[in-house]
Amino acid sequence: MPTPSPAPAAVPHGGWPTPITSALVVRAAARLGEVAVDGDDVWWSESRPGEGGRSALVRRSADGTVTDVLPPPWNARTRVHEYGGAAWTVAGGTLWFTHFDDQRLHRLSPGDDGPVAVTPEPELPAGVRWADLTPAGDGSLLAVRETHTASGAAADVVDEVVRLAPDGTAEVLVSGPDFVSDPRPGPAGELAWLQWDHPAMPWDAAQLVVRAADGTGTVVAGGPGESVVQPTWDADGTLWFCCDRTDVWALWRWRAGGEAELALDLGRDLAGPQWVFGSRSFALLPGGRVALAGDERLVVLEPGGTTTEVALPGYSALRYLTADGDGVVCWAGGPASEPVVLRAGLDGTVDVLRPARDLGLDPSWSSVPEHVVFPTEDSGTGIGEAHAHVYPPANPEATAPEGDLPPLVVMVHGGPTSSHDRTLDVGIQYFTSRGFCVAHVDYRGSTGYGRRYRDALQGRWGIVDLDDVVACARYLADAGRVDPARMAIRGGSAGGYTTLAALTLRPGTFTAGASHFGVADLGALAADTHKFESRYLDGLVAPWPEGAAVYAERSPITHVDALDTPLAVFQGAEDRVVPPEQAEVMVAALRAKGVPHAYLLFEGEQHGFRRAENIRAALDGELSFYAQVWGFALPAEEGIEPVTVVR
C-alpha cells in the first residue's frame, strides 16, 4: 500500500502558504467596464494594470475574432466628475472616445489609419472633458461637456449637454443646472436628460427632464427626496427609467401627455448610485419586453405586466445590460467568478464572450461570502441592524494550531454611498487564503437596501458607519469566529475615512488599520475638492462652512491624541479627490506620537491604484504591516519585501 502523505504542519492563521500572491492578483488582470452591441459585434472596455492601468477597447466580431481596437498608448477614459464612465460609444463601426491624456474627443472610423482628434486642444491641460457619449442617429453625437477655468475653483466648472457634429462643431442643448447626465434622443425628436443642483447628489434629487421637438419641457420625475437614473427611450415613444419613489430604485415608464407610472417593483434596488456615467440595469427587447438584472437571473417584464425569469447560475451581479436580438449582452460576475462578458438568451442559453482569466486554482481555494445581519446602535436612524458579507478563511492545504482563531480584516467600501457586491475579488482571497477572516460591511448609508437605509447616513457620517464597523467586529469576536486581539480595519477613499475615524473616535476595538487614500480632515475635503463632491458633505455632515465645528469634531486629525493603533497609509501622488496632503498630515501626527506606521506614496497614481506594480506593493505592504504588528511570519517562498514600519 502507498504511504499516505503526512498531514500539513499547523501554521498560525495569517501565515498560511498560498498560491494567491500579489503577482497572481495582477497577472493578466483586467477590470471590465462598459459593454456595447454594434450590429453583429460586441464591444467592451478593459482597465489593464499590466499596461499602466489604461482602458483598452476590445471588439468581438460575429465569427468570434477578438481584436484590441485601440493599441497603446490610447486610453479611453474620461475625467468628468473625476470618476468618469461612458467615455466611448460606437455606432455603425465608428468609434468615438475620450483619450485620457488630453481629454479630447477622438473618432476612429472603419478604414482609418488611427484615431482622429475631433475637438480642439483645450487652453488648459484637460480643461475640457467629455463623457456620456451617445450616438444621435444622424452621424452626430450627444455628450456631457465639462469645462474648467483658469481659476481652478470647483464653483467655476460648467457642465452642459451638447450636440457634436461629425466635424466637431458643438451646439449647446442644455446649460444652467449644476450637473447634467444621460442625454438621450427620443424617436420623435425629443431629448431626455437628468439634472441636479448643489447641494444634492444624483442619488438624492436628480430630475428627469424631457424637451419635446417643439421646445416645450416637462419634468417627468425626480426632485427633492426622489432620484431618477438610467432614462431609456423605446421606439414607440415610451421613456423607461429607474426611480426610488417607492423607497427602492424600481422600474417606471412615461409617455408624453401622461404621468409617470410604476412598471415593476422587485422590492430591492434595481439600480445603483450614479458615481459614474453609463450604468444600465435593464434593456428593452423586441415585442415590448424589458429584461432587468436580478440575482443569478434575468427578470423579464412582459407587455401584459407579468414576469418570467431566465436563470443565470453563479452570476449574482449583472451590469451594462444591452439588447442583442431576443436577448442581452452584459457584464456578469459572482462569488466564484471574476467578471465576464456574456450573451444570455431568453431561452436560457448562455454564451460567454469574454471569459474570466484562468487562475489555475481549485474552487476550494475560494472563500464564499456569507450575508450577515448584525445588531447595531440605532443612533437616531430608526434602524438597529446593519449588513456585512463575511468571508471565512479558505485554504485546502493549511491548518491552524488548536485554539488559534483567525485575525479579522473589516473592509469598508468607498463612496460612502456605495456597497459591496459579491463578485469574486482575488484581492479578498489574497487574505482569506492566508487564514484571515474578511468582513465587508455595508453600513447604514450603503446602497442596495432602499432609500431609507441609504438616507440613514444623512447628517451622520462619522457616527453610524463607525457604530456599524465596530458592531460587526464585536459581533464576530463574540461569536468566537475571530481573534479579538487581531482585528484590523481597512478602506479606501470614504472607506479610508471610516478607517481613520474608527481608530481615533472609537479606539479600543481594532488593533491595526490600513488607510488607502483616506480622508483625515473633513473640513479640508469640503473646502478643496472637485465640483461633483464639493457639496456632498453638506448632507452627510453639515452645511459648509457654517458647520465647521461639526467637521472638526468628526475629523480623525482632530483626535490624533487618541490614536495609538498601528496604521499603514497608502496614497496616490496625483489624487485630486483626496489630495496627498490629507495622508501626510495623518502620517506626521503618527510620527510625532511614535505610533508604529508605514507610508507608501505612489507617483503617477490618482484616486485608486491602477498600475500593477503599485497594486502589488499596496497588497504586500499591508500584509507585511499586519505580520509585523501581530507577530506572525510570512511564507518565505513568496519573497515579500517587508514594508518599513516607523516606530
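**Ground rules.** I am working with a predicted model, where local features need pLDDT of at least 70, side-chain atom pairs count only at pLDDT 80 or more, and totals for chains, interfaces and linings use all residues. Residues are numbered from 1 along each chain as its sequence is written, and side-chain values use heavy atoms, with hydrogens and water left out.

I looked up the second largest pocket and found a volume of about 1100 Å³. A pocket here is an open set of points on a 1 Å grid over the protein atoms alone, where a 1.4 Å probe fits, with protein on both sides within 12 Å along at least five of seven lines; lining residues have an atom within 4 Å of a point. The volume is the space filled by probe spheres set on the points, which are joined across faces, edges and corners.

Which residues are closest to the centre of this pocket? They are T134, P135, R184, T232 and R280, out of 35 lining residues. Strands that each supply at least two lining residues include β1 (31-38), β9 (128-135) and β13 (179-185). I note that β1 gives the largest share, 5 residues. Strands (E, at least two residues) and helices (H or I, at least four) are DSSP runs, numbered from the N terminus.

By class, I read 19 nonpolar, 9 polar and 7 charged residues in the lining. Nonpolar covers Ala, Val, Leu, Ile, Met, Phe, Trp, Tyr, Cys and Pro; charged covers Asp, Glu, Lys and Arg; the others, Gly among them, are polar.

I counted a salt bridge when a side-chain nitrogen of Lys or Arg is within 4 Å of a carboxyl oxygen of Asp or Glu. The count comes to 34.

R129 and E82 form one of them, at 3.0 Å from N to O. R129 sits in strand β9 and E82 in the loop between β4 (66-68) and β5, so this pair ties together parts 47 residues apart in sequence. Are these two residues buried or exposed? R129 is buried at 6% relative accessibility, and E82 is buried at 18%. Buried means under 20% relative accessible area, exposed over 50%, and partly exposed in between (1.4 Å probe, protein chains only).

R48 and E46 also meet in a salt bridge, again at 3.0 Å. R48 is buried at 12%, and E46 is buried at 7%. I then found that E46, R48, E51, R54, D68 and R354 are linked in a network of salt bridges.

I traced an open sheet of 4 strands in the order β5-β6-β7-β8, with antiparallel pairing. Its edge strands are β5 and β8 (116-117), each pairing on one side only. Two strands pair if DSSP finds at least two bridges between them; β5 and β6 (residues 94-98) are joined by 4. V90 has L95 in β6 as its bridge partner.

S433 lies in the loop between α3 (426-432) and β32 (437-442), and is buried at 0% relative accessibility. Its side chain makes a polar contact with the side chain of T18, at 2.8 Å. A polar contact is a pair of N or O atoms within 3.5 Å; within protein, one must be able to donate a hydrogen and the other to accept it, and residues adjacent in sequence count only if both atoms are side-chain atoms.

V585 is in helix α10 (residues 580-593) and is partly exposed at 42%.
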